[in-house]
2 protein chains.
Amino acid sequence: MGRLKTAHGAVETPLFMPIATRAAVKSLTPEDLKNLGTQIVLSNTYHLFKSPGLEIIKRAGGLHKFMNWSGPILTDSGGYQIFSLARNRKIGSQGVDFFSEVDGKHFLLSPEMAIQIQKNLKSDIMMVLDECVGWPCGKKQAETAVKRTSVWAEHCRMAYDKFFADSRDSLLFGIVQGSIYSDLRRRSAKEIIRIGFDGYALGGLMLGEPLKKTYQIIRVVERELDKNKPRYLMGAGKPEQIIQAVKLGIDMFDCVIPTRNARHGLIYINSKFDQSALLRLPRVKLRGEYQNLKQKFYKEIHITNAKYKKDFRPLDKNCSCYACKNFSRAYLRHLFKTNEALGQRLATIHNLAFYLGLMKYVRTAIKQGKF
Amino acid sequence: MGRLKTAHGAVETPLFMPIATRAAVKSLTPEDLKNLGTQIVLSNTYHLFKSPGLEIIKRAGGLHKFMNWSGPILTDSGGYQIFSLARNRKIGSQGVDFFSEVDGKHFLLSPEMAIQIQKNLKSDIMMVLDECVGWPCGKKQAETAVKRTSVWAEHCRMAYDKFFADSRDSLLFGIVQGSIYSDLRRRSAKEIIRIGFDGYALGGLMLGEPLKKTYQIIRVVERELDKNKPRYLMGAGKPEQIIQAVKLGIDMFDCVIPTRNARHGLIYINSKFDQSALLRLPRVKLRGEYQNLKQKFYKEIHITNAKYKKDFRPLDKNCSCYACKNFSRAYLRHLFKTNEALGQRLATIHNLAFYLGLMKYVRTAIKQGKF
């Protein structure tokens with residue numbers, strides 16, 4: 001178990017960050033998040049750039065004040081969404097040039113700007129601008145991205161040192177790229193570590209590559225990293241993937257899975273986290289055959305299923321979230337079937353309770369030396 | 001000010017009932033409703049019949065348990081929605097026959113069934129089955145509806161006496177019809193009062209008829225009614241209409257306006273309820289010229305308006321609801337512009353705080369003899 005200090009309080013790792021894409025975890029208030037024991041949320045710079053616009057958040061006094069969340073916030077650089085969502089984007093050595101739907105002009109997101117923007121957001125944990133390649137990706141392309149990511153990381157670091165010369169209100173995390181190529185990953189890790197950051201993220205994973213590869217790459221990178229700095233696996237993942245990654249040394253996770261699935265009525269149950277079931281999960285081996293990593297210690301139920309029509313039990317009898325303490329599956333199903341927004345809200349509360357409870361369980365297990 | 005005892009606690013009048021159409025006030029939890037000081041909610045039998053189905057609510061142990069609301073609930077008979085929404089509906093002396101989308105068969109809602117269904121819902125305040133005519137409506141049609149409403153009221157009363165022979169867990173309200181015809185209204189009121197109910201509702205108003213007519217009819221009916229029984233103006237209304245109706249002796253109101261408008265970003269402000277502004281509202285006169293009853297003591301703002309983009313003030317500086325205490329107009333606007341469900345939820349909280357605060361103000365003013 002670890003502890004990471006930020007300008008808005010310390011967080012305990014391993015941890016999971018609910019996604020507040022547009023300065024809100026969909027359908028929840030900051031009060032809901034507090035009640036769930038949320039330690040930190042993640043917000044997406046690119047989405048905030050599009051709406052409400054960065055100027056407005058700056059004038060609001062930063063993202064915390066804007067959304068009224070007093071805990072820590074991690075922000076991404078905006079690069080990932082520009083690569084995956086923006087029109088007419090072009091990557092050059094200066095940064096990413098993209099067509100902005102906000103003002104109809106082209107906008108250059110340089111490493112310096114990425115830091116400047118996140119500083120204006122008053123982010124607690126800022127991410128460097130990196131080039132995230134998709135999957136699959138040829139080795140040549142992956143190598144180019146690694147090189148560029150290292151150059152941009154250096155520029156981000158310099159900008160950070162300039163902007164935060166007097167105070168270090170924000171932490172800055174570097175990002176390791178290199179697709180599924182172990183040698184590129186090792187090289188990227190060495191280059192990023194040489195520059196030096198407050199924490200290290202693994203980018204470009206969880207993009208559909210075989211999980212065997214994912215875990216191999218985590219292992220390769222993990223060996224290079226400073227044991228005393230937090231490690232963050234971006235965009236992960238399903239509960240069993242998180243557990244496996246924790247076993248490989250990862251401290252921080254973020255994923256839309258619990259909240260997005262909740263909005264589609266997919267509910268995680270068995271929040272008792274039967275310890276033996278968790279420990280039965282196969283150990284990850286770098287060599288040799290991987291066992292079935294899909295083995296689960298929980299169930300997923302589709303609450304709209306007809307069999308829950310007259311099921312007056314809570315979603316999960318072991319869960320103490322507001323949804324489980326107060327409502328039945330039959331009621332949740334009814335809300336989903338009639339498109340009542342309350343259904344999505346209650347399901348989101350429950351799924352986050354499941355994820356955050358899982359992380360809490362993992363932290364306790366680590367403390368007790370059982371992991 | 002009055003006091004009405006129900007099986008789930010007493011309520012103080014004049015009061016406003018938020019609408020929980022499908023066993024939920026859209027986007028709010030029972031906890032939200034409690035925090036808002038909600039005394040009683042209204043739920044719609046016809047919508048519950050369609051989904052989840054009455055059998056499920058019965059098996060859940062009633063509507064309170066199903067939706068986990070521990071305060072009183074008023075239910076309608078289902079008749080109004082059958083008239084306005086159902087396909088192939090036919091009105092006869094036995095009740096309303098309509099095509100049920102639930103099982104593809106025809107379904108007869110008789111006065112006895114309306115009571116039986118509301119008994120199964122464990123409604124605190126049940127409404128009789130009535131025939132609500134639209135507006136405009138010819139006198140002949142209105143008269144037929146009055147006759148039928150009286151017959152059905154008698155049958156409802158008989159069913160109620162049979163079902164509740166041992167206990168009187170639910171109250172039963174009669175409904176006065178008669179469109180905008182004073183003589184028909186007087187006749188309907190006399191007939192309904194002769195049967196005798198725990199409270200009396202005015203149905204068939206607030207349907208688009210001139211407000212002058214509405215107030216005239218309220219005055220006509222009010223003169224016939226028992227001073228010690230609550231009077232309920234169904235489907236009303238805008239804040240200034242509620243105030244006028246209170247002045248005419250109405251105790252209970254329900255309307256989708258605050259919640260529906262909230263979902264469209266229309267916000268009520270000035271919750272300070274400047275007493276002098278309220279008292280300046282013209283007295284309703286039965287004879288002579290009506291003054292402009294549209295005079296308002298509040299403002300409506302469209303939160304999506306560009307002028308709120310950088311407005312970091314709360315929706316209403318005088319309001320102490322969760323939305324106003326924690327968020328800015330700029331943030332609310334951002335949530336609405338990006339279709340974040342949280343926006344609708346916060347706006348709903350605020351608009352209900354406005355309506356419920358208005359009623360509280362009115363009760364205090366009455367206590368102080370200022371009304």
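I start with the fitting rule: copies are superposed by least squares on the C-alpha atoms of residues with pLDDT of at least 70 in both. This is a predicted model, where local features need pLDDT of at least 70, side-chain atom pairs count only at pLDDT 80 or more, and totals for chains, interfaces and linings use all residues. Residues are numbered from 1 along each chain as its sequence is written, and chains are lettered from A and ligands numbered from 1 in the order in which they are written.

**Symmetry.** I laid chain A on chain B and got an RMSD of 0.0 Å, with a turn of 180 degrees and a shift of 0.0 Å along the axis. That is how a two-fold axis relates copies.

**Chain A overall.** I looked up its radius of gyration, taken over C-alpha atoms. Chain A has 21 Å, which agrees with the value near 21 Å for a compact globule of 371 residues (the rule is 2.2 Å times the number of residues to the power 0.38). I then checked burial (buried means 20 or more other C-beta atoms within 10 Å of a residue's own, with C-beta atoms placed from the backbone): 52% of the 371 residues in chain A are buried.

**Helix H15.** Helices here are DSSP runs of H or I, at least four residues, numbered from the N terminus. H15 of chain A covers residues 341-367 and reaches 39 Å from its first C-alpha to its last, close to the 39 Å expected (1.5 Å times one less than its number of residues). I see 20 of its 27 residues buried, so H15(A) is largely enclosed by the rest of the structure. Just after H15(A), I noted Gly369(A) with a positive phi of about 70 degrees.

How values were computed:
Buried ≥ 20, exposed ≤ 12 C-beta atoms within 10 Å, placed from the backbone. Helix = DSSP H or I, 4+ residues; strand = E, 2+ residues; numbered from the N terminus.
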